[in-house]
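Morning, everyone. Please look at the model on the screen while I talk.

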Amino acid sequence: MPLTHWRSRHRASPGMAARTLIVGAGDAGRTLAHDLQQTPSYGLVPIGFLDDDVRKRHVARLPVLGRLAQLTDLVRAEAVDVVIVAIPSLPPVELAALLREASLSGARVRYLPTFHAAVQRGSRAEDLYEVSPATLLGRAEINVVRTVTPTLIRGRRVLVTGAGGSIGSELCRQVRAYRPEALFMLDHDESNLHRLQLEITGEALLDADELIVADIRDRARVDQIFATLRPEIVFHAAAHKHLPLLERHPCEGVKTNVQGTQHLIDAAAAHGAHRFVLISTDKAAAPTSVLGATKRLAELVVRGHAGNSTVAGSVRFGNVLGSRGSFLDVLAHQIAAHEPVTITDPDADRFFMTVEEAVGLVLEAAGMAETGETFVLDMGAPVRLRSLVETYAAQVGAHDVVIRFTGLRPGEKLSEVLFSASERRIPTGHPRIFATRGEPVPPDLDAGLGELYEAAERNDDDAVGDWLAKLVPGYRPAARGRPPSPRALFGTLYPDDF
């Protein structure tokens with residue numbers, strides 16, 4: 001097809017409408033083109049479509065300029081400023097490849113989210129998203145939640161701890177949609193609760209009984225909450241989870257991650273909760289850090305209640321793309337600020353999952369748990385951090401990114417594992433979720449935990465390290481040496497977060 005009639009050799013200047021190429025001439029693309037044509041204030045002027053259907057020549061009074069394979073050539077030939085992928089059903093792996101190709105040609109990239117295909121209305125211009133975390137996975141996003149799972153929530157009284165965090169808030173949104181009898185949202189940070197209520201209800205009056213300000217380290221307060229509210233299902237997301245900070249402050253990790261979990265599971269059992277789910281981390285599988293060791297102990301504490309009236313289980317997350325404080329969050333900040341991107345090592349890799357996958361795993365674990373199992377999502381192969389940076393930079397059109405390697409810090413590993421050498425992988429009713437029951441709970445665990453809690457209460461870091469090593473098989477505290485300076489600790493923005 002001749003291109004000269006549509007060609008412009010100059011990219012849009014600031015204040016001018018951006019020349020926009022729409023990938024996909026189906027219903028979504030057609031509706032989007034119509035919206036953009038009718039609403040100049042969006043600043044996007046569609047010049048045509050790409051589509052592999054050779055029968056399509058013109059759609060919405062715009063030409064079909066070529067096929068998807070011609071994307072790079074057409075972006076350059078047509079001086080395209082923005083590429084919009086309007087194929088909501090496109091698999092994430094194919095979407096990632098397409099977005100990468102468009103970005104490398106110099107265009108900005110937007111897309112219509114895949115779940116939008118299920119919404120029963122036309123795709124609108126306001127539905128445009130930035131590059132999705134799912135497109136960086138290098139695999140298809142997994143639909144974790146089965147249709148029977150919402151029935152577990154419906155009509156029940158549900159408590160979410162750490163409700164204001166990334167995972168906690170997404171849990172609250174999804175649980176609320178399943179129509180529980182009551183949803184109680186607990187956090188020690190009142191600002192988090194203020195923001196959460198605003199996001200969920202559109203108001204932030206902070207006068208609802210469903211919002212609970214409490215610290216899970218306060219046993220009496222936790223017991224009071226369970227005695228008063230009688231939650232039937234508990235999702236425990238509250239935790240300290242930044243690896244380098246816990247290396248510096250191990251007592252705080254014990255007080256929150258281990259003792260806080262103990263308070264909650266004890267109260268749940270004492271007051272008749274039906275189910276309890278702990279959110280853990282893949283760093284608990286073969287722990288080399290305080291974060292991993294405290295989370296592994298938290299899993300043991302939960303497993304110690306197996307056989308009681310409260311059914312309990314744990315879930316291990318990989319790094320959650322898009323959560324606050326996660327690698328992607330820091331990466332986006334550094335690139336937007338034109339700062340060097342910090343990575344520990346050129347060969348470092350991690351397992352990644354989306355927020356939707358993470359929350360789906362939690363909901364499924366609530367239904368699958370029987371005897372204190374720990375559940376893990378099959379996240380495919382780990383992703384090398386350097387490759388993720390390069391892919392993300394290409395998709396947002398950042399071509400001058402500098403990567404600075406900081407070296408592994410105490411407690412960090414080049415690669416994570418999902419199961420320890422002593423753990424057996426057990427299939428579940430979901431083909432992409434596995435479980436493990438781990439080692440038997442030591443008969444003297446309670447006595448050892450008592451010593452650990454006393455050491456943490458004294459703020460005795462060395463004693464805490466010793467007791468973690470005694471209680472967690474294979475864990476050895478990293479050499480403490482001279483504490484890092486605040487500049488070294490906070491200047492390198494590479495947290496491990498879920």
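This is a predicted model: local features need pLDDT of at least 70, side-chain atom pairs count only at pLDDT 80 or more; totals for chains, interfaces and linings use all residues.

Residues are numbered from 1 along each chain as its sequence is written, and side-chain values use heavy atoms, with hydrogens and water left out.

Overall picture. The protein has 16 helices and 21 strands. Helices (H or I, at least four residues) and strands (E, at least two) are DSSP runs, numbered from the N terminus. The protein has 498 residues, and 54% of them count as buried. Buried means under 20% relative accessible area, exposed means over 50%, and partly exposed is in between, with a 1.4 Å probe and protein chains only. Now contacts, meaning heavy atoms within 4.5 Å. Among contacts with a separation of 6 or more, 76% join residues 24 or more positions apart.

Next, helix 1, residues 27-38. Ala28, Gly29, Leu32, Ala33, Asp35 and Leu36 are buried in helix 1. Down the helix axis, these buried residues fall within an arc of 160 degrees, so they line one face of helix 1. That arc is taken from the directions from the helix axis to the C-beta atoms. Asp27 and Gln38 are exposed on the other side of helix 1. What does the buried set of helix 1 pack against? Strand 1 (18-23), strand 2 (44-50), strand 4 (62-66) and strand 5 (82-85).

On to helix 7, residues 219-229. Its buried residues are Val222, Ile225, Phe226 and Leu229. They fall within an arc of 95 degrees seen down the axis, so they line one face of helix 7. Ala220 and Thr228 are exposed on the other side. The partners of the buried residues of helix 7 are strand 7 (157-161), strand 8 (182-187), strand 9 (211-213), strand 10 (233-236) and helix 9 (250-270).

Helix 15 has a helical set of partners. Its buried residues are Ala463, Val464, Gly465, Leu468, Ala469 and Leu471. They pack against helix 9, helix 10 (290-303) and helix 14.

Now single residues. Glutamate 364 is in helix 12, residues 355-368. Is glutamate 364 buried or exposed? It counts as buried, at 1% relative accessibility. Leaving out residues up to four places away in sequence, glutamate 364 touches Val144, Val145, Arg146, Thr149 and Ile433.

Arginine 437 is in the loop between strand 21 (433-436) and helix 14. Its relative accessible area is 38%, so arginine 437 is partly exposed. It touches Arg303, Thr371, Glu373 and Ile426, again not counting residues up to four places away. Arginine 179 is not a glycine, yet it has a positive phi of about 60 degrees. It sits in the loop between helix 5 (166-177) and strand 8. At 55% relative accessibility, arginine 179 counts as exposed. Asparagine 459 is also a residue other than glycine, with a positive phi near 60 degrees. Its place is the loop between helix 14 (445-457) and helix 15 (461-471). Asparagine 459 counts as partly exposed, at 46% relative accessibility.

Last, side-chain pairs. A charge sits over a ring if NZ of Lys or CZ of Arg is within 6 Å of the ring centre and within 35 degrees of the ring normal. The charged end of arginine 425 sits over the ring of phenylalanine 434, 5.1 Å from its centre. The charged end of lysine 470 sits over the ring of tryptophan 467, 4.2 Å from its centre.

What about cysteines? A disulfide is a pair of cysteine sulfur atoms within 2.5 Å. By this rule the count is zero disulfides. Cysteine 172 is buried, at a relative accessible area of 0%. Cysteine 251 is buried too, at 3%.

That's the tour. Thanks.
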